[in-house]
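Here are a few notes to read with the structure open beside you. Take them one point at a time and find each residue as you go.

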Amino acid sequence: QLQASGGGLVQAGGSLRLSCAASGRTFSSYAMGWFRQAPGKERDFVAAISRSGGSTYYADSVQGRFIISRDNVKMSAFLQMNSLKPEDTAVYYCAARTFSYSHYSRDYNYWGQGTQVTVSS
């Protein structure tokens with residue numbers, strides 16, 4: 001089970017930190033990803049991190065602004081979002097999959113419920 005939190009309303013240029021808490025499984029066995037979905041649009045890849053946390057992967061649209069991380073002891077993943085833009089407004093989902101990370105949503109086995117991020121201009 002995954003539980004995402006940390007969303008909210010922020011002005012453009014601001015920051016938010018999303019958290020994804022896992023329970024019931026061996027967290028370190030799963031690569032983690034963050035995706036987002038704006039109204040009327042498909043769910044898009046944002047960032048992913050390997051099981052150990054040693055490798056990360058970002059969508060071009062967030063590269064240099066967002067940082068994905070994880071704490072396997074606390075069984076949590078995080079998405080630090082800086083320099084937020086109005087186009088970052090979406091529901092953000094965390095997801096988990098076994099073995100290597102992926103930027104395809106279809107590759108992920110488990111999903112959190114989503115947390116709303118709204119960036120005002």
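Predicted model: local features only at pLDDT ≥ 70, side-chain atom pairs only at ≥ 80, totals over all residues.

1. Is Tyr30 buried or exposed? Its relative accessibility is 13%, so Tyr30 counts as buried, because the cut-off for buried is under 20%. Tyr110, by contrast, is partly exposed, at 30% relative accessible area.

2. Now look at those two residues as a pair. A search of the whole structure turns up eight aromatic pairs. In one of them, the ring centres of Tyr30 and Tyr110 are 5.7 Å apart and the planes meet at 75 degrees, so this pair is edge-to-face. Tyr30 belongs to strand β4 (residues 30–37) and Tyr110 to strand β10 (residues 110–111), so the pair ties together parts that lie 80 residues apart in sequence.

3. There's also an aromatic cluster to find: Phe35, Phe45, Tyr57, Tyr93, Tyr101, Tyr108 and Trp111 make it up. Elsewhere, Arg106 lies over the face of Tyr104, 4.3 Å from the ring centre.

4. Next, the strands. Four of them form an open sheet in the order β1-β3-β8-β7, with antiparallel pairing. Which strands stand at the edges? They are β1 (2–5) and β7 (66–71); each has a single partner strand, so one side of each has no neighbour in the sheet. From one strand to the next, the twist averages 15 degrees.

5. Finally, zoom in on β3 (residues 16–22) and β8 (residues 76–81): these antiparallel strands are joined by six bridges.

Conventions. Residues numbered from 1 in each chain as written. Heavy atoms only, no water. Phe/Tyr/Trp six-rings, centres within 6.5 Å; stacked < 30°, edge-to-face > 60°. Helix = DSSP H or I, 4+ residues; strand = E, 2+ residues; numbered from the N terminus. Buried < 20%, exposed > 50% of the residue type's maximum accessible area, 1.4 Å probe, protein only. Lys NZ or Arg CZ within 6 Å of the ring centre and 35° of its normal. Pairing = 2+ DSSP bridges. Axes fitted to C-alpha atoms, helices over the stretch in contact; angles between N-to-C directions.
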